Amino acid sequence: MTTAVSILPEQQLAVLNAAYRQAVGRRRLRLLLGMAVFAAALALAAVGAEVNLRTLFTHFGNFLSYFDRIFTLDSGQRVWTDAGEWLWGWRKWLTMLGETLLISYVGTLIGAILAFCLNFFAAENTSPAPWLRFVVRRLLEFARTVPGIVFALIFVIAFGLGPMAGVLAIAIHSTGALGKLFSEIVENADMKPVEGVRSTGASWLSCMRFAIVPQVTAGYASYALLRFEINVREASVMGFVGAGGIGQELVVAIRKFYYSDVSAILLTIIVTVFIIDISTGWLRGRLFGREART
């Protein structure tokens, strides 16, 4: 009897070990199968996108040589050996960079205002009617799905070259992006204050004003600042299609092979973006806590 009792736990342990090994084996098999499917999908996508590794490695030297050229002055010296010649157009570039920042600021502000007005109709818990929510959501999807540079090109054709096209493009794209983010914040808001305000006979607008807006204002401001960071980078590129800003000067330097000017303008843009990212991150952290920085 004693032997049978002592053997039973050993048998149970063996069964558990066998079950554990089977579970681990199945998990590894699923992992290997998933990796194989991922690799096959990646290979098919690469073939469809005409990604040729031979071409990549054959011409990779051209990529490196371009960077060598943009860091070389016409005299043959490196750009950092003569900062005066390298940054000869800094006044003009800073002026155009200021134009880029203004395009970003005005476009972000307009987009944030429009998103604020529309997001309550797109949120599931605050929209007055299902059909209205469907229409507003599709409108916001269209605004954020079309790339901003495409909007910029359309507005350049419609209104001509200049910052106006960039402002309108950023405003529309920001409306779509911020409208979605704002509506998601509203959908996570506590609805008990809304019920309390509604019980007094208040209108839908009053419910939004006194019950929802106080809960979501901080989130709105944090996302708007984050969007401004993104729009500064987008506005720098929109000049490629003539929508104003420093991008116009950059594309001219690229097309005319002013190599040292390319590196100087890129340096100006990169430093500006770094400063804005750090500043807005610090501001969001000061206003809304450390969680807003992530």
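Trainee: Which helix gives the most to the nonpolar patch?

Mentor: Helix α3 does, with four residues. Before going on, note that this is a predicted model, where local features need pLDDT of at least 70, side-chain atom pairs count only at pLDDT 80 or more, and totals for chains, interfaces and linings use all residues. Residues are numbered from 1 along each chain as its sequence is written, and side-chain values use heavy atoms, with hydrogens and water left out.

Trainee: What makes the nonpolar surface patch, and which helices supply at least two residues each?

Mentor: The patch is made by Val-51, Leu-53, Leu-56, Phe-57, Phe-60, Phe-63, Leu-64 and Phe-67, and covers about 840 Å². Patch residues have over 30% relative accessible area and no salt bridge; nonpolar side chains (Val, Leu, Ile, Met, Phe, Trp, Tyr) are joined within 5 Å, like charges within 9 Å. The areas come from the Shrake-Rupley method with a 1.4 Å probe, and for residues only the protein chains shown count as cover. Helices α2 (53-58) and α3 (60-70) each supply at least two of the residues. Helices here are DSSP runs (H or I, at least four residues; strands are E, at least two), numbered from the N terminus.

Trainee: Why is Leu-64 called partly exposed?

Mentor: Leu-64 lies in helix α3 and has a relative accessible area of 48%. Buried means under 20%, exposed over 50%, and partly exposed in between (1.4 Å probe, protein chains only). The value of 48% falls in between, so Leu-64 is partly exposed.

Trainee: Why is the contact of Arg-137 with Glu-187 called a salt bridge?

Mentor: The term asks for a side-chain nitrogen of Lys or Arg within 4 Å of a carboxyl oxygen of Asp or Glu. The closest N and O atoms of Arg-137 and Glu-187 are 2.8 Å apart, so the pair qualifies. Arg-137 is in helix α6 (residues 130-145) and Glu-187 in helix α8 (residues 163-187), so the bridge ties together parts 50 residues apart in sequence. The structure holds seven salt bridges.

Trainee: How do you know whether Arg-227 is buried or exposed?

Mentor: Its relative accessibility is 9%, which is under 20%, so Arg-227 counts as buried. Arg-227 meets Glu-234 in a salt bridge (3.6 Å, N to O), and Glu-234, at 22%, is partly exposed.

Trainee: What makes the pair of Phe-116 and Phe-120 edge-to-face?

Mentor: Rings of Phe, Tyr and Trp (its six-membered ring) pair if their centres lie within 6.5 Å; planes under 30 degrees apart are stacked, over 60 edge-to-face and the rest tilted. The structure has 13 aromatic pairs by this rule. The ring centres of Phe-116 and Phe-120 are 5.4 Å apart and the planes stand at 85°, so the pair is edge-to-face. Both residues lie in helix α5 (residues 90-122), four residues apart, about one turn of the helix. Ring pairs link Phe-116, Phe-120, Phe-182 and Tyr-220 into a cluster.

Trainee: How do you know that Arg-138 lies over the face of Phe-134?

Mentor: The rule wants NZ of Lys or CZ of Arg within 6 Å of the ring centre and within 35 degrees of the ring normal. Arg-138 is 4.8 Å from the ring centre of Phe-134 and lies over its face. Arg-138 also forms a salt bridge with Glu-141, at 2.7 Å between the closest N and O atoms.
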